[in-house]
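Hi,

Here is the structure I promised to pass on.

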Amino acid sequence: MNVTTARLMLASLTVLSLLSGRTQAEVPLNKLTESESRSGWELLFDGKSFDGWRNYKKEGVSDGWKVVDGAMVREGKGAGDIITDRKYKAFELLLEYNISPAGNSGVMFHVTEENDRPWQSGPEIQVQDNVEGHDPQKAGWLYQLYKPQPPSWAADQSEKIDATRPAGQWNQLYVRIAGDNCEVVMNGVRYYTFKLGSADWDKRVAASKFAAYDTFGNAGSGHICLQDHNDLVSYRNVKIRELGEDGSVPQPIDGKLELTSKLAFPELKWEDWQAVDEAGNLRPMRIVELADAGDGSGRLFAVSQQGGIWIFENRADVKEAKLFYDRRGKVKDWKSRGANEEGLLGLAPHPDFKNNGHVYIYYTHPTEKKSVISRITVSEDDPNRAAADSETVIMEIDQPFQNHNGGSMEFGPDGYLYIGLGDGGYRNDPHAAGQDLSKILGKILRIDVDKADGDRKYGIPADNPFVEHKGSLGEIYAYGLRNPWRIAFDSKTGDLWCGDVGQELWEEVDLITKGGNYGWSMREGSYPFGNTAVESPNPPIGPVWEYDHRIGRSITGGRVYRSDRLPELEGKYLYADYVTGCVWALDYDQEAGRVRKNLQIFGGDVPVLAFGEDANGEVYYLTQSARGECIYRFESAEK
């Protein structure tokens, strides 16, 4: 096939993508994203030349390989396998491939050159057309060794996994090769993990054709190879990141802030709370929301995931938090099996709380698979108590699984209530909720709690973006979210920020706009996900920031700092990763649409559950503690 034909095939990709309702990932072609460049990724292909590549056992690249429209294209006979000039030991590889109908190729690693063929030393990850392919081992399989399998916790272990897209469309392949663990991810879906040299590895190799080669998979380092299998294939966005001996990677930061943490209310005791329950079980305080009452009193609401809501004065020497409302035992127990994302998850005082006493809460039903949004009202006799019989259910939302409940709520500057909902849970968005405007999950909702409409105890604002869109739910304000944890309005600008928890590879920060589509489950962050063709009224909006799963695995969305106490934090979005315990400050230039700086506050070991804010724009971070010491603020290291 000649270069002209190859170019036509590549051009047809765009047409196919548009017709299928897909939008290409907003990753710059053959360039690093800002996050990638900060965290150690390097380009293996510049989109213009074969610098850094050569044919196996040769000095240059044959004429059978061409650079066409920013892709390496194997288009001629006798092209031969090509390898990197450099050898790599422990690394991550990220690339996109486009295979022709019935085509076949492969990506090999740890290739050495003492054999006749690269595959005699380097294990091969299949790249082929899964529909008309002539090999029963599909794209993404480690040839003759490993195939996609459900995670150990999956209910259906017989599930067949295939996330590849048809011939003529781009697929993204992620490969991690390291001493502790290796993995292969296709279009954002993890296929399998393995360990080189393990008993399982040796057993599989011994049963394969590779048993005849002593060098197979044993080199410990080697070249990366792209295979010529006599078929048209294209590669682009080829990136690599070498890993440290301990598997570490650079933090995606531009510097560090000299800040420490301080317990914000060191003398605070929680009314009617004990760290050990009646059965002798440890029940740590787990604060997931901190919100100003908004009535000029300076009081703060604090929400425990177990179901308690406390209120206290915003003073450093405050002694007691009063139990404002108690739903403990009446929400799903977050410590029960598989329920760590359930419980009492959100609270939002009404903007006119001073006069109407209304507070809105979000929790998981204790026995039924649903989330509940309800209103409680302050007691007429005690401003620090809610009336025991005041709960009114506003909305109930069916939940197919236990995770991805979202639950963050905020009243916007417009007086409407915004609610963050996850996609319903499990993995891979099995109900395809993210892009479906007829489904309530995977969305940011916007409702009017001051108006009832028929059987509904809330109204739908007339200017909600999909009110007039046939087949869509009017409550939807934005969509394409996987598990928003959490959402927050900038108290100065009114911008709505969201931290959306990813699946296998990417965590993201989004600026939510009216009618915005944030990609899930077509995309995870800026990158392609899965192979299900969907139609959407709006193209996906890329995140303002993202980081990969070597940096962190569960983003805790934060808040924009608006206090004048720490000038170095002013206007920066503070966020964290719960798994790694890192905390950062994001300096984002909204006019330019780019990050000025991502600054490290803490480099690890601070598992932040959520962030809170008081009336002065001071931002607090919230944790779990068996001593009840859950609310911290940032301090200058110089103090």
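**Strands and rings**

Strand β4 pairs with strand β13 (residues 233–242) in the antiparallel sense, over three bridges. Two strands count as paired if DSSP finds at least two bridges between them, and the helices (H or I, at least four residues) and strands (E, at least two) are DSSP runs numbered from the N terminus.

Before you read on: this is a predicted model, where local features need pLDDT of at least 70 and side-chain atom pairs count only at pLDDT 80 or more, while totals for chains, interfaces and linings use all residues. Residues are numbered from 1 along each chain as its sequence is written, and side-chain values use heavy atoms, with hydrogens and water left out.

Back to β4 (residues 71–74): strand β3 (residues 65–68) also pairs with it, antiparallel, over four bridges. Trp65 has Arg74 as its bridge partner there. The two strands form a hairpin with two residues between them, and Asp69 in the turn has a positive phi of about 50°. Ala71 and Val73 point one way from β4, Met72 and Arg74 the other way, and all are buried (under 20% relative accessible area; exposed is over 50%, partly exposed in between, with a 1.4 Å probe and protein chains only).

Further along, four strands make an open antiparallel sheet in the order β25-β26-β27-β28. Its edge strands are β25 (409–411) and β28 (476–479), each pairing on one side only. Within the sheet, four bridges join β26 (residues 417–420) to β27 (residues 443–447), and Tyr418 has Arg446 as its bridge partner in β27.

Now the rings. Phe, Tyr and Trp rings (six-membered ring for Trp) pair if their centres lie within 6.5 Å; planes under 30 degrees apart are stacked, over 60 edge-to-face, the rest tilted. That rule gives 35 aromatic pairs. One of them is Tyr143 with Phe210, edge-to-face at 6.3 Å centre to centre and 70° between the planes. Tyr143 lies in the loop between β8 (124–128) and β9 (171–177) and Phe210 in the loop between α3 (199–206) and β12 (223–226), so the pair ties together parts 67 residues apart in sequence. Tyr143 is buried at 16% relative accessible area, and Phe210 is buried at 2%.

Ring pairs also link a cluster that includes Trp119, Tyr143 and Phe210. The charged end of Lys209 sits over the Trp119 ring, 4.4 Å from its centre (the rule: NZ of Lys or CZ of Arg within 6 Å of the ring centre and within 35 degrees of the ring normal).

Cheers
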